Amino acid sequence: MSRRGRAKEETRLQGRLEALGKARELAQGVLPETALEDVLGVLERARSRRALSADHTVVGFFGATGSGKSTLFNAVNGAEIATAAARRPTTSEPLASVWGADGSEPLLDWLDVRARHLAEPVDGFADEDTGLILLDLPDFDSTRTANREIVERLVGMVDVLVWVLDPQKYADAAVHNGFLAPLASHGAVTLVVLNQVDRLPASDVGPVLESLRGILARDGLGRVQVLAASALTGAGVDGVRAAIRRVVSQREALSLRLSADVTKAAAQLEEASGRGEAAGVRSGTVARLADELATAANVPLVADAVSASYRIESTRRTGWPVTRWLIRFRPDPLRRLNLRRNARAEVNRTSLPPAGAPERARSDAAVRQFADAASDGAPGPWQATIRAAARQGRDRLPDALDQAIAGADLAADRKSWWWGAFNVVQWLALLAAVAGLGWLGVLAGLGYLQLPVPQVPRVEGWPLPTLLIAGGAALGILLAVTAKFISAGVAKRRGARARKRLNAAVAEVADRLVVEPVEAEVRRLAAFNAALRAAAG
């Protein structure tokens, strides 16, 4: 690969790593910690490996006991390096064969490989300029726990994996289920060598290789290169060298390995999360939630109280003065609910009936239905998170709704212009009636005292004092009845406006405590899925 191509691949890999890190952060508190820890391990290994020598390719030889792995390792090296390793303090340590010592030390320190051998050049395979590190590793099926731990650790760290199998145990479930199948995404940096083919009749080599390829295909590694070799006779060793040389010369094994790690980690996150997008918050579900909460918060009761309060105040100001004083004995509904006052809502509460079991059940059901609708289609863990977000503000709803109602502008103290006009006319009518009564009273007094009684003016034959009394009383009653009809219409409109304002206040509370937390979780799921797609490439 050209330098420009490698730079482009590095940029793409960096973007995928960042996307994987973002997906992990978004999944905090939603997905199991074990899945997130595995992803963190991939990110940390990628960061560490990219900070070390990019001029070296680390190739690990993995195999079971008796597979001839060390013998093949020696054959590829062209020297008995692994035999010398038997004299080391412990045979459980990995052994490194290095071509190109400069820059390899920090990388080998990170791999925790202490046994190191500076290999001699091998014509057509490797020299000091190649930048190749071959690792001979302990048997993965060793009875020693420490050996298996070393293998499992380095399986996740080397750039290229060479699996050495033998004709007797090439189908062993331990290697396929424990290592190869979980690394199905790493086919681009995996080689499989069927060693010890000298033990097979020549006619059986082809069928055994086909059988091995079939098993690998079931493992998800159908495109992996499968080679036949005999470390004992040297057959196929040059093919193994050529395959390794090809991977090393392209200088992309590191990027391919890390890309495969990211792909696998993204797949594990997707498996832990599940697929799907949440239906999200819709205007219809928000409106239903607000309506249910408004009913549970007694908004209709308050709206009716606004109407009733206006009618009472209207009667007190425009009713017949002779009887309007009786209205004072009727309590103001808004005062009874502690809603007619000028104090700040933050320091006041209403006197509405406290939410009982039916109201709480109605609120809970409304919140639950809203959350279910918003989380529809989301994977299981995210559905639970979205529903939990809706429930987290549920305990604060009663107090918040009460405060919202207490702070709503109900226009309860707003006067109507027609009150003054009706009131003036009412008093004029009453004065006319009182004047007529007074006039007749004076005339009666004069007659009682046997004094001359002046002639009373008449209108169409009717005495003017009588007309004043009758007209004043009739006008007062007519105005009172008319005011009743007018106030009923205005009260209805004021109640409707109050209900609208109260519903808006309730909707604001619902947005703050229920809708916005749910929307945040829905957006988090969408961002997680987008990051996961970017990480998966």
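Select Lys69 and Asp136: their side chains meet in a salt bridge, 3.2 Å from N to O. A salt bridge here is a side-chain nitrogen of Lys or Arg within 4 Å of a carboxyl oxygen of Asp or Glu. Lys69 lies in helix α3 (residues 69-77) and Asp136 in strand β4 (residues 132-136), so the pair links distant parts of the chain, 67 residues apart. Helices (H or I, at least four residues) and strands (E, at least two) are DSSP runs, numbered from the N terminus. Both Lys69 and Asp136 are buried. Buried means under 20% relative accessible area, exposed over 50%, and partly exposed in between (1.4 Å probe, protein chains only).

Before going on, note that this is a predicted model, in which local features need pLDDT of at least 70, side-chain atom pairs count only at pLDDT 80 or more, and totals for chains, interfaces and linings use all residues. Residues are numbered from 1 along each chain as its sequence is written, and side-chain values use heavy atoms, with hydrogens and water left out.

Next, select Glu10 and Arg50. Their side chains form a salt bridge with an N to O distance of 2.9 Å. Glu10 is in helix α1 (residues 3-26) and Arg50 in helix α2 (residues 33-51), so the bridge ties together parts 40 residues apart in sequence. Glu10 counts as partly exposed at 28% relative accessibility, and Arg50 does too at 27%.

Then select Arg114 and Glu93. The closest N and O atoms of this salt bridge are 3.1 Å apart. Arg114 sits in the loop between α5 (104-111) and β3 (115-118), and Glu93 in the loop between α4 (81-85) and β2 (95-99). Arg114 is exposed, with a relative accessible area of 56%, whereas Glu93 is buried at 17%. The whole structure has 17 salt bridges.

Now show α12 (299-318) and helix α17 (residues 417-448). At what angle do α12 and α17 pack? The angle is about 35°, and the axes are 8 Å apart. Axes are lines fitted to C-alpha atoms, for helices over the stretch in contact, and angles run from 0 to 180 degrees between N-to-C directions. Among the residues that meet are Tyr310 and Arg317 in α12, and Trp418 and Phe422 in α17; contact means heavy atoms within 4.5 Å.

Finally, select Phe329, in the loop between α12 and α13 (333-336). Phe329 is exposed, at 65% relative accessibility.
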